[in-house]
Amino acid sequence: MMRVKYCFSPLLRQYCATHKLVTVRMISMQSAVWQDDRTLNKLIDGIVSHKRACLSEAITLVESVHPEKISKAKKLLSRILYWNSQQADQTRFGVTSFRIGLSGPPGSGKSTFIESMGKYLTNQGHKVAVLAVDPSSSTSGGSLLGDKTRMPELSCDMNAYIRPSPSSGTLGGVTRSTNEAIVLCEGAGYDIVLVETVGVGQSETAVAGMVDLFCLLIPPAGGDELQGIKKGIVELADMVVVNKSDSDLIPAARRIQTQYMSALKLLRRRSKVWSPKFY
């Protein structure tokens, strides 16, 4: 290629400079694509090898809204989905994990319930992934991501993985990439995936369509029989649990248990093989 300093004609000098610039840009773009593919392959190998750092990096990638990272995330997910399908074909029931969604109003004890439940599952030999969604501020856009602090024992368990994520203004109780994060956790070898929503009301039911079992947690003072037959999140629950039913709250917990059990009998069953349970 002709060097610019030997071009005496201004027009030719401009042409050579432009040609050199374009050539450099093309080489740089090809190098960037090659580097992206190499990074993507390293990330995929880390996920299927059950490396937690690679799983965290992959979830961060699918949560990004940058156009280039969205393209990389699509490639990553297609590869992981193919890997999951291969693993599912080798199992008895054709699935590699069981998904459980946990939802409830603010202060119903979702994080502490997951702490106890997660420790029980890991002691039984399961690998548990917890995807906790934290609400984002409507003014600053920030999020506390404090659910992990309520799970001190589960956070130290090597058979458990906890990932707090901000809702970033997404309605429904989950994030826009919760479904993709579930797929990545399954690819990393976690056979139980727990999805904790933000504190919800009656209409935030998006998690029910992502999981195999939808569990609704309610506090002892969670309403009466009329509240139980209202349409919304209650009629989608596969299991309703009265949480925090200890000490002085035991009578209130038993009362709401009786009221909700009679209310659930009035709701139309969504499945022929399963009726909602109340605990």
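How much space lies in the largest pocket?

1. The largest pocket holds about 330 Å³ of space. A pocket here is an open set of points on a 1 Å grid over the protein atoms alone, where a 1.4 Å probe fits, with protein on both sides within 12 Å along at least five of seven lines; lining residues have an atom within 4 Å of a point. The volume is the space filled by probe spheres set on the points, which are joined across faces, edges and corners.

2. This is a predicted model, in which local features need pLDDT of at least 70 and side-chain atom pairs count only at pLDDT 80 or more, while totals for chains, interfaces and linings use all residues. Residues are numbered from 1 along each chain as its sequence is written, and side-chain values use heavy atoms, with hydrogens and water left out.

3. The largest pocket is lined by 20 residues, of which Gly107, Ser111, Asp147, Arg150 and Glu196 are the closest to its centre. Elements giving two or more residues to this lining are α4 (110-123), β2 (128-134) and β4 (192-199); the largest share, four residues, comes from β4. Helices (H or I, at least four residues) and strands (E, at least two) are DSSP runs, numbered from the N terminus.

4. The strands form an open sheet of seven, in the order β3-β2-β4-β1-β5-β6-β7, with parallel pairing. Two strands pair if DSSP finds at least two bridges between them. The edge strands, β3 (160-166) and β7, each pair on one side only. Strand β1 (residues 98-104) is joined to β4 by six bridges, with Gly104 opposite Gly199.

5. Strand β6 (residues 239-242) pairs with β5 (residues 213-218) over four bridges, and Ile218 has Val242 as its bridge partner. Two bridges join β6 to β7 (residues 277-278), where Met239 stands opposite Lys277. Both faces of β6 are covered, Met239 and Val241 being buried on one side and Val240 and Val242 on the other. Buried means under 20% relative accessible area (1.4 Å probe, protein chains only).

6. The largest nonpolar core has 47 residues; Ile47, Leu55, Ile59, Leu76, Leu184 and Ile218 touch the most other members. Such a core is a set of buried Ala, Val, Leu, Ile, Met, Phe, Trp, Tyr and Cys residues joined through side-chain atoms within 4.5 Å. Helix α2 (residues 52-63) gives the most to this core, six residues. A second, separate core of 17 residues includes Ile114, Ala160, Ile162 and Leu213.

Notes
Buried < 20%, exposed > 50% of the residue type's maximum accessible area, 1.4 Å probe, protein only.
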